[in-house]
Structures are given as C-alpha cells and as structure tokens.
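This report describes one protein model, part by part. Please keep the sequence and the structure in view while reading.

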Amino acid sequence: MSGNYATETITADAQGVVRAAQILRAGGLVAVPTETVYGLAARADSEEAVARIYEAKGRPSFNPLIVHVASLEQARALADFSAQAERLAAEHWPGPLTLVLQRHRGAALAEAVTAGLDTLALRMPSHPVMRALLEECGAPLAAPSANRSGFISPTSPAHVLASLDGRIDAVLDGGACERGLESTIAAVRADGSVQILRPGPITLEASPMKGRGIEAPGQLASHYAPGKPVRLMASEVAPDEFLIGFGEVAGECTLSARGDLLEAASRLYACLHEGARSDKPRIAIAPIPEEGVGIAINDRLRRAATTPD
Ligand code: TXA
Ligand code: MG
C-alpha cells in the first residue's frame with residue numbers, strides 16, 4: 001500500500017515517546033499502542049491534524065472520534081461530568097471504558113472530532129506507553145482504531161502497517177495489545193441512566209437500548225471485514241475454509257484451546273488478520289459463548305460476517 005509518507009517505526013522507550021509526541025504536537029499522525037487496540041492518534045485540538053485521520057483511514061466524516069485524555073482534570077475541561085459519569089470514571093479509569101457525555105460548547109476541540117454531535121466520547125487509557133505519550137503531548141489525542149475504515153482492527157504494529165503503511169507518519173511500537181477488543185462505549189444521559197453503545201471488555205449494568213440502537217455512528221452492520229466471506233458457528237470445516245477455532249473446535253488459528261474468553265478476545269483480530277492473509281477464499285469461525293466478553297466478541301464477529309452493501 002503506498003502513500004505520501006515514509007512511515008517510521010519508533011520503539012516505545014522513553015526517547016521514542018518524546019519523538020512521537022514531537023510528531024503529534026507538530027500536527028502529524030502516529031499509530032499508538034493502547035490496552036485495547038492500536039489507535040491512530042492526532043492532536044484533538046487541530047482541525048488540520050484531525051482531518052488527516054479521516055483521510056488516512058478513508059473514514060466517513062459523519063463518524064466521530066474518541067478523545068483520549070491523561071487525567072480526569074483534562075476530561076472535565078471538555079465535557080460535563082454528572083455524578084454518574086464521575087462514578088463510572090472513578091471505577092473504570094484508566095481502562096477500556098469510553099464515556100459519551102455532553103460536550104462543553106467552548107471545549108478546545110476540532111469540530112471534526114465530534115462530527116457535529118453535541119456529545120463527546122472520552123477515554124483515559126491504561127496502557128503505560130499511551131499514558132506517557134499523553135503526558136508528554138500535554139494535549140488530548142483523538143484516536144480511532146488504526147486501520148483503513150471498515151477493515152479489521154489492529155492489535156500489533158504489523159497489523160497497522162498492513163493497512164496504513166505510507167499513509168501515516170509513524171507507528172509507536174509497544175508490542176501486542178493485551179485486551180485485543182475496542183473499549184466498551186457507554187452513554188451517560190442527563191437523567192443518570194447509562195446505555196451501552198458498543199459492548200467491550202468492561203461489562204456494565206445498563207438500561208436496554210431503545211429504538212434502532214445504532215447510536216454510535218461507527219457501529220455499522222458491516223465492519224472488521226477481512227475481505228472474504230465469513231461463516232459463524234462452524235463446528236467442522238470445508239476444504240476451502242480457514243477455520244478459526246475455540247475450545248474443542250481446533251482451527252488453523254485457535255482463539256483459546258482452553259475456552260478462555262479473555263484469551264480469545266486478545267487473539268481475535270490476530271486470527272482474523274491471519275485468515276484474511278491465507279490462500280483460503282473463506283473463513284469459518286467456531287461458536288463463542290454469549291457471556292461476559294464473549295458478547296463483545298460475537299458483536300465483532302457478526303459485523304465481520306456481514307457483507308458491505
Ligand atoms: O478501544 C478503543 O475505543 C479504540 C482505542 C484506539 O482507544 N478506539 C476505537 O475508536 O475503537 P473507533 O473510532 O474505531 O471507534 C469509536 C466509536 C465509533 O463507533 C464512533 O461512532 C463512536 O465511537 N463514537 C465516537 N463519538 C461518539 C459520540 N459522541 N456518540 C456516540 N458514539 C460515538
Ligand atoms: Mg474502529
């Protein structure tokens with residue numbers, strides 16, 4: 001994949017974090033490790049930098065971005081923290097929970113970050129490299145997952161380069177992501193109720209979704225697509241299929257032979273990337289129990305199995 005950039009890989013040591021922060025402060029794009037997936041970061045207060053995220057990903061402009069912060073103080077300067085929001089942040093931050101809150105009208109954010117919504121998605125990540133980077137930058141960072149729009153999310157620098165090499169300034173190499181699935185997104189309403197807009201590593205007590213339920217504009221039916229047909233709930237494999245196994249169903253790539261859902265989550269995108277790269281024209285995936293983080297895994301698999309219009 002070619003583009004206008006000579007994408008550099010930066011080792012995530014102290015010096016590397018300083019270098020990545022320099023690029024970001026100057027308005028550049030750096031793919032960064034988080035505990036969930038790699039993010040494609042740019043300073044959230046620069047229209048130009050944020051526009052480059054949309055361009056590099058080929059992301060539709062109606063799909064808003066998550067803003068990553070170093071501290072609660074930084075978060076409180078951008079959006080309204082109700083008692084319920086404070087409670088969720090105290091319990092789960094830093095960590096893989098994104099809160100959708102009412103944005104402050106005067107918040108120092110590029111308009112494109114929220115894509116015209118009056119709400120803002122905020123997250124304080126726990127990955128030590130990302131935390132050090134946010135501190136060093138001194139500004140909040142907008143960061144969607146570091147993949148071409150609609151494609152499989154990246155959990156390693158190699159995954160990032162497979163789809164964005166030549167389209168971004170740098171990748172900050174912090175190794176593989178521990179959780180492997182994007183953050184849980186929870187909207188906190190004015191009346192204190194909480195709705196899950198995207199299931200993820202953190203399972204919360206929340207009100208059931210009302211209406212059509214696709215409020216996170218990025219939650220399109222087809223997403224995480226490996227570029228070939230995907231068959232779910234497979235217990236045996238056809239000769240032309242790449243099988244992704246779980247538990248007793250052993251595949252060419254297995255999410256967790258001992259049936260551990262956390263391990264399965266951390267390996268999900270790596271197995272999908274492998275399936276996408278294989279010579280087999282189809283992918284089949286073993287059944288995953290619909291419980292705990294299995295709910296988020298099945299959410300991603302259903303979207304991976306849906307063909308784009
Ligand atoms: O774990 C994660 O959340 C990763 C890492 C990099 O932090 N980021 C991530 O970003 O998954 P992205 O852009 O791939 O997904 C963000 C989702 C999209 O579905 C978007 O529509 C939704 O968040 N979103 C952003 N702002 C929103 C808002 N104000 N209201 C509702 N949904 C919002
Ligand atoms: Mg994404």
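Strand 12 (residues 241–245) and strand 14 (residues 282–285) run parallel and are joined by four bridges. Helices (H or I, at least four residues) and strands (E, at least two) are DSSP runs, numbered from the N terminus. Two strands count as paired if DSSP finds at least two bridges between them. Glu 241 has Arg 282 of strand 14 opposite it.

These two strands belong to an open sheet of four strands, in the order 11-14-12-13, with parallel pairing. Strand 11 (230–231) and strand 13 (253–254) are the edge strands, and each pairs on one side only.

## Basis of the model

This is a predicted model, in which local features need pLDDT of at least 70 and side-chain atom pairs count only at pLDDT 80 or more, while totals for chains, interfaces and linings use all residues. Residues are numbered from 1 along each chain as its sequence is written, chains are lettered from A and ligands numbered from 1 in the order in which they are written, and side-chain values use heavy atoms, with hydrogens and water left out.

In helix 6 (residues 128–137), the buried residues are Val 129, Met 130, Leu 133, Leu 134 and Cys 137. Seen down the helix axis, they fall within an arc of 135°, so they line one face of helix 6. The arc is that of the directions from the helix axis to the C-beta atoms. On the other side of helix 6, Pro 128 and Glu 135 are exposed. Buried means under 20% relative accessible area, exposed over 50%, and partly exposed in between (1.4 Å probe, protein chains only).

The buried residues of helix 6 pack against helix 1 (14–25), strand 2 (30–32), strand 4 (66–68), strand 7 (141–142) and strand 8 (170–173). Contact here means heavy atoms within 4.5 Å. Just after helix 6 comes Gly 138, with a positive phi of about 75°. Ala 70, in the loop between strand 4 and helix 3 (72–76), counts as buried at 13% relative accessibility. Ala 70 is 63 residues from Leu 133 in sequence, and the two are 8.7 Å apart in space, C-alpha to C-alpha. Leaving aside neighbours within four places in sequence, Ala 70 is in contact with Met 124, Arg 131, Leu 134 and Glu 135.

## Helix 7

Helix 7 (residues 157–164) has Pro 157, His 159, Val 160, Ser 163 and Leu 164 as buried residues. Down the axis of helix 7, these residues fall within an arc of 160°, so they line one face of the helix.

The cover over the buried residues of helix 7 includes strand 2, strand 3 (39–43), helix 2 (47–57), strand 8 and helix 8 (261–277). Gly 166, which follows helix 7, has a positive phi near 85°.

## Arg 103

Arg 103 sits in the loop between strand 5 (97–102) and helix 5 (111–114). Arg 103 is buried yet has no salt bridge, and the nearest side chain of opposite charge is Glu 111, 4.2 Å away. For charge, Lys and Arg count as positive and Asp and Glu as negative; His and the chain ends are not counted.

The side chains of Arg 103 and Thr 114 are joined by a polar contact of 2.9 Å. A polar contact is a pair of N or O atoms within 3.5 Å; within protein, one must be able to donate a hydrogen and the other to accept it, and residues adjacent in sequence count only if both atoms are side-chain atoms. Not counting residues up to four places away in sequence, Arg 103 touches several residues, among them Leu 78, Leu 109 and Asp 118.

## Salt bridges

The whole structure holds 14 salt bridges. A salt bridge is a side-chain nitrogen of Lys or Arg within 4 Å of a carboxyl oxygen of Asp or Glu. One of them links the side chains of Glu 35 and Arg 123 (2.8 Å, N to O). Glu 35 lies in the loop between strand 2 and strand 3 and Arg 123 in strand 6 (residues 119–123), so the pair ties together parts that are 88 residues apart in sequence. Glu 35 is buried, with a relative accessible area of 4%, and Arg 123 is buried at 2%.

Glu 91 and Arg 87 also form a salt bridge, with their closest N and O atoms 3.5 Å apart. Glu 91 and Arg 87 are four residues apart in helix 4 (residues 83–92), and so are separated by about one helical turn. Glu 91 counts as exposed at 52% relative accessibility, and Arg 87 as partly exposed at 44%. Arg 258 and Glu 263 meet in a salt bridge of 3.6 Å, N to O. Salt bridges that share partners join Glu 182, Asp 299, Arg 300 and Arg 303 into one network.
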